[in-house]
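I opened this model to see how its fold is put together and where its coordinates can be read. My entries follow the order in which I looked things up.

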Amino acid sequence: HRADTLSEHLLSLINDILDMSRIEAGKVELENKPFSLRAMGDELKQMFAQTLANRGIRYEVNFEDVTVDALMGDALRLKQVIINFLSNAVKFTKQGEVIVTIRQMMLHHDTADLMIRVHDTGIGMAPEFISRIFNPFEQGNVDISHQYGGTGLGMAITKYIVDEMQGTITVESQRDKGSCFHVTLDLETAPDPDGEM
């Protein structure tokens, strides 16, 4: 089990570094294919449910006011953004809850305005760190780097992907109270009502 965990950790580090290399080389291109929003939510739920249940942490993936399911975009990259937020939430939350909310803000001219929120009751961040969180290789401090690991690249990659999707990220956080990441995106509705991942 320890070997499996180490392998996953090393693979995650390598993937982050490769992703950042592609980004710096301008080699990342987003797909624009039909996908199912609810199927993506179900995958995110299954991905983290057991880990958080084992630790007694409440975990939910909620849909609010969502009237469309099939959307156009890069489902894999969008999922990567949310997984990066969730990985941090899982890593830094010892008790309480981790909640994902996918809300449809508006639907107009075949475009859905979405807000995706990842909220946790983890260790939170100092105000001065929030402004630096999306810089490559940034981590809260040396203690966090030693205790929790990671490359400090995940958030930089996330910011790049959201920018490429013409979206925005906002962050709210308080030390010892938790963090909340919001992503807002405009995605076209897909012509295929059975959108595929």
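The entries below go from confidence to fold, core, rings and loop.

**Entry 1: ground rules.** I worked on a predicted model, in which local features need pLDDT of at least 70, side-chain atom pairs count only at pLDDT 80 or more, and totals for chains, interfaces and linings use all residues. Residues are numbered from 1 along each chain as its sequence is written, and side-chain values use heavy atoms, with hydrogens and water left out.

**Entry 2: confidence.** I looked up pLDDT, the predictor's confidence in each residue from 0 to 100. The protein chain averages 81, and 74% of the residues score at least 70. I noted residues 140-151, where pLDDT stays under 50 and the model has 21 contacts beyond four places in sequence; a contact means heavy atoms within 4.5 Å. Residues 193-197 also stay under 50, with 15 contacts beyond four places in sequence. Where pLDDT is low, the predicted coordinates should not be read in detail.

**Entry 3: fold.** I took helices (H or I, at least four residues) and strands (E, at least two) as DSSP runs, numbered from the N terminus. The protein chain has 6 helices and 7 strands. Along the sequence I read the pattern α-β-α-β-β-α-β-β-α-α-α-β-β. Of the contacts with a separation of 6 or more, 75% join residues 24 or more positions apart. I then looked up burial: buried means under 20% relative accessible area, exposed over 50%, and partly exposed in between (1.4 Å probe, protein chains only). Buried residues make up 46% of the 197 residues in the chain.

**Entry 4: core.** Which residues have the most contacts inside the largest nonpolar core? They are Tyr 59, Leu 78 and Leu 86, in a core of 44 residues. Such a core is a set of buried Ala, Val, Leu, Ile, Met, Phe, Trp, Tyr and Cys residues joined through side-chain atoms within 4.5 Å. Helix α3 (residues 75-92) gives the most to this core, with 8 residues. I listed the contacts of Leu 86 beyond four places in sequence: Leu 44, Phe 48, Tyr 59, Val 98, Val 100 and Val 118.

**Entry 5: helix α3.** Why is α3 described as largely enclosed by the rest of the structure? Because 14 of its 18 residues are buried. I also checked its span: α3 reaches 26 Å from its first C-alpha to its last, close to the 26 Å expected at 1.5 Å a residue. The expected span is 1.5 Å times one less than the number of residues.

**Entry 6: aromatic pairs.** I found 2 aromatic pairs in the structure. Rings of Phe, Tyr and Trp (its six-membered ring) pair if their centres lie within 6.5 Å; planes under 30 degrees apart count as stacked, over 60 as edge-to-face and the rest as tilted. Phe 48 and Tyr 59 are edge-to-face, at 6.5 Å centre to centre and 75° between the planes. This pair links helix α2 (residues 37-54), which holds Phe 48, to strand β2 (residues 58-64), which holds Tyr 59. Phe 48 counts as buried at 10% relative accessibility, and Tyr 59 at 7%. Phe 85 and Phe 181 are stacked, at 4.8 Å centre to centre with 20° between the planes. Phe 85 lies in helix α3 and Phe 181 in strand β7 (residues 178-188), 96 residues apart. Phe 85 is buried at 3%, and Phe 181 is buried at 5%.

**Entry 7: around Phe 63.** The charged end of Arg 38 sits over the ring of Phe 63, 4.4 Å from its centre. The test I used requires NZ of Lys or CZ of Arg within 6 Å of the ring centre and within 35 degrees of the ring normal. Gly 41, in helix α2, touches Val 61 and Phe 63, not counting residues up to four places away in sequence. Gly 41 is buried, with a relative accessible area of 2%.

**Entry 8: the β4-β5 loop.** Is His 109 buried or exposed? His 109 counts as exposed, at 77% relative accessibility. His 109 lies in the loop between β4 (97-108) and β5, and has a positive phi of about 50° although it is not a glycine. Asp 110 is found in the loop between β4 and β5 and has a positive phi of about 60°, again without being a glycine. Asp 110 is exposed at 57%. Thr 111, in strand β5 (residues 111-120), is buried at 18%. Leaving aside neighbours within four places in sequence, I found Thr 111 in contact with Met 106, Asp 186, Leu 187 and Glu 188.
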